[in-house]
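Subject: Structure handover

Hello,

Please find the structure below. My notes on its aromatic rings follow.

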Amino acid sequence: MTDKYEHMIKTVDLKKDFGSLKVLKGVNEHVDKGEVLTIIGPSGSGKSTFLRCLNMLETPTSGQIFFEGTDITQKGISVDAHRQKMGMVFQHFNVFNNLTVKKNITLAPVLLKKKTQKEADEMADELLARIGLTDKKDAHPSRLSGGQKQRLAIVRSLAMEPDVMLFDEPTSALDPEMVGEVLQVIKELVKSGMTSVIVTHEMGFAKEVSDRVIFMDDGNIAEEGTPTELFEHPQNPRTQEFLSKVLY
Amino acid sequence: MLQNIIKVLSKYGYLFADGLWITIELSLITVLCSSVLGSLLAIARRSRLLPVRFLCTAYVEVVRGTPLLLQLYFFYFMLPNLVPALKLSEFTCVVIALVFNSVAYVAEIVRAGIGAVDRGQMEAARSLGLSSKQAMIHVVLPQAVKNILPALCNEFVAIIKETSLASTFFIGDIMTTYKTINGFTFLIIEPLLIAGIIYFCVTFVLSKAIAALERKMKASD
């Protein structure tokens with residue numbers, strides 16, 4: 001089987017309004033297989049909305065989103081099937097509070113018939129060992145710290161063996177001492193070649209892991225480039241202003 | 001007065017026992033029926049079809065905006081006329097009226113219970129590829145039940161008190177018992193006190209049991 005598409009994800013003139021508020025004003029962007037794309041920008045610039053459009057958690061007002069060659073904004077398309085291949089990590093973790101740590105991981109693969117319960121259990125054990133939560137596997141999430149919840153949320157997505165991972169400010173809601181452990185997991189994941197789109201305020205992290213960085217401002221992509229280009233030699237005055245505020 | 005109370009109790013105690021039984025029977029049937037129908041109504045209110053949503057919301061608003069006593073009268077007098085073939089008993093008419101009323105409140109309880117579950121839970125489930133139905137069944141509803149169950153028990157307590165309105169039609173509940181004894185003895189305060197104490201004991205015990213249940217559920221989080 002040959003995959004005949006140019007980019008793993010491509011957006012064409014993507015627009016999103018919330019009432020009279022224009023949050024995305026026509027974004028054309030793409031993500032290639034194996035690429036790590038980081039999105040930075042001030043609050044309200046539309047970066048989270050852009051990310052949430054990529055797996056249709058927000059329905060775009062207009063424009064197209066191609067995922068592995070298919071326009072997933074079309075009417076009648078099974079978004080659920082495509083979401084199975086796009087993992088997502090949220091700012092507020094959103095681990096399933098009613099399920100044990102292990103069940104959090106196995107629910108989707110078993111329910112969506114990607115794996116038998118036995119296969120899913122084995123995989124969950126492996127994933128939990130990887131993030132050092134083996135001894136918590138039968139606990140409920142309320143017993144976990146924020147950092148542990150977020151690491152769990154990451155491997156919960158990985159259990160679906162996605163083609164791309166979307167991170168929506170994965171460390172913004174964490175206590176400072178827990179940021180490192182979560183970034184470490186993401187770093188390892190990225191190094192293993194996982195295609196990733198990361199919205200973050202962690203500039204050092206963005207600089208280190210990204211292949212490409214986008215600076216979003218007021219619903220548009222104001223500037224993009226390699227981490228060196230964007231962080232060392234920003235061209236757009238808005239980028240310069242933003243970076244001067246966050247890099248002190 | 002104490003003497004009178006003892007006299008009433010010893011002579012008509014069995015009537016109060018019967019009344020208590022009918023009150024509980026009426027309340028249980030009502031809360032069970034309205035739990036099922038109310039949940040369905042709450043789900044229907046989330047429908048994608050506007051007319052369905054509109055009808056359900058209108059129902060809830062009308063029921064909550066009119067007095068229960070009026071609804072009882074309405075069903076008591078209207079139902080036998082509307083469907084004479086069914087030959088509905090008075091008890092059935094009253095049950096239908098109570099259920100009709102309670103369904104709206106239960107629907108609101110269920111809706112609030114679902115609404116209180118963090119939106120992120122649904123989003124996370126959907127982001128993994130679960131359909132909205134699967135996400136509802138496996139993630140949202142199990143968490144909503146914890147909010148709903150105690151509120152539903154409180155509704156049961158409220159219904160126990162509300163069934164007293166049904167005594168308007170002498171259907172044999174505790175308040176009917178009061179009226180009967182009042183008719184026999186011309187005593188007012190004494191049988192009323194007994195009825196009040198029975199209501200209070202039942203609802204007080206239930207409320208305490210619900211509070212304990214709630215604490216237990218919180219602890220299991």
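B:Phe100 counts as partly exposed, because its relative accessibility is 25% and that class lies between buried (under 20% relative accessible area) and exposed (over 50%), with a 1.4 Å probe and protein chains only. This is a predicted model, in which local features need pLDDT of at least 70, side-chain atom pairs count only at pLDDT 80 or more, and totals for chains, interfaces and linings use all residues. Residues are numbered from 1 along each chain as its sequence is written, chains are lettered from A and ligands numbered from 1 in the order in which they are written, and side-chain values use heavy atoms, without hydrogens and water.

Rings of Phe, Tyr and Trp (its six-membered ring) pair if their centres lie within 6.5 Å; planes under 30 degrees apart count as stacked, over 60 as edge-to-face and the rest as tilted. That rule gives eleven aromatic pairs over all chains. In one of them, B:Phe75 and B:Phe100 have ring centres 4.8 Å apart and planes at 55°, so the pair is tilted. B:Phe75 is buried, at 11% relative accessible area. B:Tyr59, B:Phe74, B:Phe75 and B:Phe100 form one aromatic cluster.

B:Tyr76 and B:Phe169 are stacked, because their ring centres are 3.9 Å apart and their planes at 15°. B:Tyr76 is buried at 17%, and B:Phe169 is buried at 7%.

A charge sits over a ring if NZ of Lys or CZ of Arg is within 6 Å of the ring centre and within 35 degrees of the ring normal. A:Arg156 has its charged end over the ring of A:Phe96, 4.3 Å from the centre. B:Lys179 lies over the face of B:Phe170, 5.2 Å from the ring centre.

Regards
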